[in-house]
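Work through the exercises below with the sequence and the model open. Try each task before reading its solution.

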Amino acid sequence: MNKIYDKIFKYGLQIIVIIFCVFPFYYAVMTSLEGSAAVFVPNFFPTEINPKNYIYLLFEHNFPNTILNSLFVAVVTVSISITISYFAAWSLSRVSFKGRSMFLFVILAISMFPQIAVLTGMYQLFLNFKEFYFNIFDLRVKGITSLLWLCFTYTMFNIPFTVWVLTTFMKGVPKEIEEAAIVDGASSFLILRKIFLPIMTPAIFTTAIMAMIAVWNEFLFALTFTATNSDRTITVGIALINGTIEYEVPWGSIMAASVIVTVPLVIITLLLQGRIMSGLTAGSIKG
Amino acid sequence: MKSVSQIRKRTALIFLIPVTLVLLSSALYPLISTLYLSLTDAELENFLNPNYVGFINYIENYEGMWYGVLADSLFWNSVRNTLVFSIFSVSLEVILGISFALIMLIENKLKWFVRAAVLIPWAIPTIVSARMFEWMLQDQFGIFNYMLIGMGILEQGKAWTTDPQTSMIVIIIIDAWKTSPFVAILVYAGLKALPNEVLEAGKVDGTNGITQFYYIIFPLILPAIAVAIVFRGLDALRVFDLIYLINAGSKDIMSMTVYARREMFEYSHFGFGAAASTMLTLIIGVIAVIFIQRTRLHKLDEME
C-alpha cells in the first residue's frame, strides 16, 4: 500500500510543477484564440476558436515589422559575438598565460554589470553615432540606425556570456585531440577550424540559441534606443499594444502577440532541452 | 626558432584582441563617460557638451536646503524597494528552485514533461510573462479573481497589479515564476553531480527523507545554491522591465534602475540620472564584492 501512495504522491508533485510552469502560457494561448466576447468570460477551456486576434496583429500595429527587426538584431548580434567569442574561448581554455584567471574574472564581472550603469554614456555615444551616420548615409537607410546601434550594444552585453559559456565547453574537450595536430605542426587557426569546429558545433549552437533568446527578450536598451514605429523590436512592440481608451485594453491581441513571439522559443527550448540545461549550467558553474 | 608553446601563447593573445576591444569600447568607455556626466549639468539641450559642475548632482546645500540624489527620499525609497524585491524574490526562487530540482530527479513516465515544463518560463520574455500575469490577475475578467470569487474567498475582483499594497507581491511572484527554473536547473545539475549513493540515501521516504536531505544532500549542493544566489541576486538588484511594465508610474514600487532611467529619459536630467546610476552601480558593486568574497566565486578558475 505504502508504495502506491508513494507513487501517487510523486506523480502529484510532478503535476503541480508542470501546472505551475505551463498554466500561464496555456492560458495566454487560450485567450488569444478567443473572439472579443469570449475573451471577457473567464474560463479554463476555450469556448471557441477564432483567429481574429492573429489577423488583427498581422495587419495592424506594425507587428510583423517588429518581428523582422528583432530577427535582424538577433542574427547580427549573435553571429558577431559567437565568432569573436569562439577564438577568445580557445585562448582562455587551451592556452595558459599570465593573467588568464584575471581576464575570466573581469568577463564574469562585466556580465553581471547593471546595464543602467552605462546607459547615459551609451546614449551620448548613440547621439554621436547618429550624427556621424547621418553625415555619411542618405535618408533611405537612416531607418536602421537604431537597429544597428542595438546590434552594437547587444553584442557588448552578449560577449561576456558567450565567452564564458564557450570557454567552459571548450575546457571539456580532451587534450589528446589537439596534441596530435600540434605535433603535426598545424597552426592554431587550422586547429580551431578543422579540429575544434566539428566537436564544438553543438556547444556553439546551444550558446548561440541562448544568446539569441537573451537578445530577443531584452527590453531596457530596446526601449531607450528605438523611437519610431518602424524600428521597434518585439518586446517594445508588445509593451506598446494598447487600446485607444484606457479601459479597452485589447487583451486578446496582446496574448496573441505574446504567443507568436513565445512559441518559437518554447519549441526550440523543448527540442534542445538537454543542451540548454548544460549550457545554463556552464554559464554559471563548471559544467 | 620559437617554441610551439610560445607561438600558441602569442596566437592566444591575438585572439583575445577583439573581445578586449569590444569590452573597452562598449563597457569601459560608456562607464567612464557616465561617471563624468554625473559631474555635469547635462540636460537634453546641452547633452553633447555639458558643463562640469562638481558633485551637486549627488548632494548640494543650497540656501539651507539639501538637493541631489543622496538627498532625494524617492531615491532611498527606490533603494529600499530594490532590496525588498531582491531579498524576497531570490529567497522564494531558491526555495522553489530546490523543490523543483528534487522533483526533477523523480524517475518515472512524467520525468521528460517535468524537465520540459521547467524550461518554459525561462524561455518566455519578461514582457510576455508580465502581460500574461497581468491578464490572469485582471480585476474584472481575470481567471484568478474568478477562482477566488468562485471559492467564496473574495466577493469582488481585486486589482492585484495596480493596488500598491499588492503590486510588489505580484512582481515578486512573476519574477519567481520566471526565474526559479534557472535556480532549479543549477541545483539539479549539482544534484546530478553527486555520487549515486548519496542520492539513494536521500530518497528514503517519509519525514526521514526530509532530515536526510537537510543533513546529507543540502550541504553538498550548497556551492550550486551559492552560485545561483549570486547570479540571481545581482540580476534582481538591477531589475527594470518587470517593475516598469507592471507599474511604471508608481513611486511605491519603483526600483533603482527605474528611478535612474526616469530621471534621464522622462525628465531629461541626464547629469542627475547619471549620478543616480553611478550610486546604483556602487551599491550593487559593494554587494557583489561581499557576495563573491563569501562564495569564493573568484576562485572558480582554480577550482578545476
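A cavity is a set of points, on a 1 Å grid over the protein atoms alone, where a 1.4 Å probe fits but cannot get out. Grid points are joined across faces, edges and corners, and a volume is the space filled by probe spheres set on the points. The model is predicted: local features need pLDDT of at least 70, side-chain atom pairs count only at pLDDT 80 or more, and totals for chains, interfaces and linings use all residues. Residues are numbered from 1 along each chain as its sequence is written, chains are lettered from A in the order in which they are written, and side-chain values use heavy atoms, without hydrogens and water.

**Exercise 1.** Describe the largest cavity and its lining.

*Solution.* Start with the count: three cavities reach 30 Å³ or more. Next, the volume: the largest holds about 1300 Å³ of space. Then find the lining (residues with an atom within 4 Å of a point). It has 41 residues; A:Gln115, A:Ala214, B:Arg232, B:Asp235 and B:Arg238 lie nearest the centre. Helices here are DSSP runs (H or I, at least four residues), numbered from the N terminus. Helix 7 of chain A gives the largest share of the lining, six residues.

**Exercise 2.** How many residues of chain B are in contact with chain A, and what area is buried between them?

*Solution.* First count contacts (heavy atoms within 4.5 Å). 96 residues of chain B meet 101 residues of chain A. Now take the buried area, the accessible area (1.4 Å probe) that two parts lose on being put together, summed over both. The value is about 9100 Å², and carbon and sulfur atoms give 78% of it.

**Exercise 3.** Is B:Lys111 buried or exposed?

*Solution.* Locate B:Lys111 in helix 3 of chain B, residues 111-123. Apply the cut-offs: buried is under 20% relative accessible area, exposed over 50%, partly exposed in between (1.4 Å probe, protein chains only). B:Lys111 counts as buried because its relative accessibility is 16%. Now list its neighbours. Leaving out residues up to four places away in sequence, B:Lys111 touches A:Gln14, B:Met104, B:Ile106, B:Tyr188 and B:Lys192.

**Exercise 4.** Which elements make up chain A, and what share of its residues is buried?

*Solution.* Count the elements: chain A has 13 helices and zero strands. Then check burial: of its 287 residues, 52% count as buried.

Technical notes: On a 1 Å grid over the protein atoms alone, a cavity is a set of points where a 1.4 Å probe fits but cannot get out, and a pocket is an open set with protein on both sides within 12 Å along at least five of seven lines; lining residues have an atom within 4 Å of a point. Helices (H or I, at least four residues) and strands (E, at least two) are DSSP runs, numbered from the N terminus.
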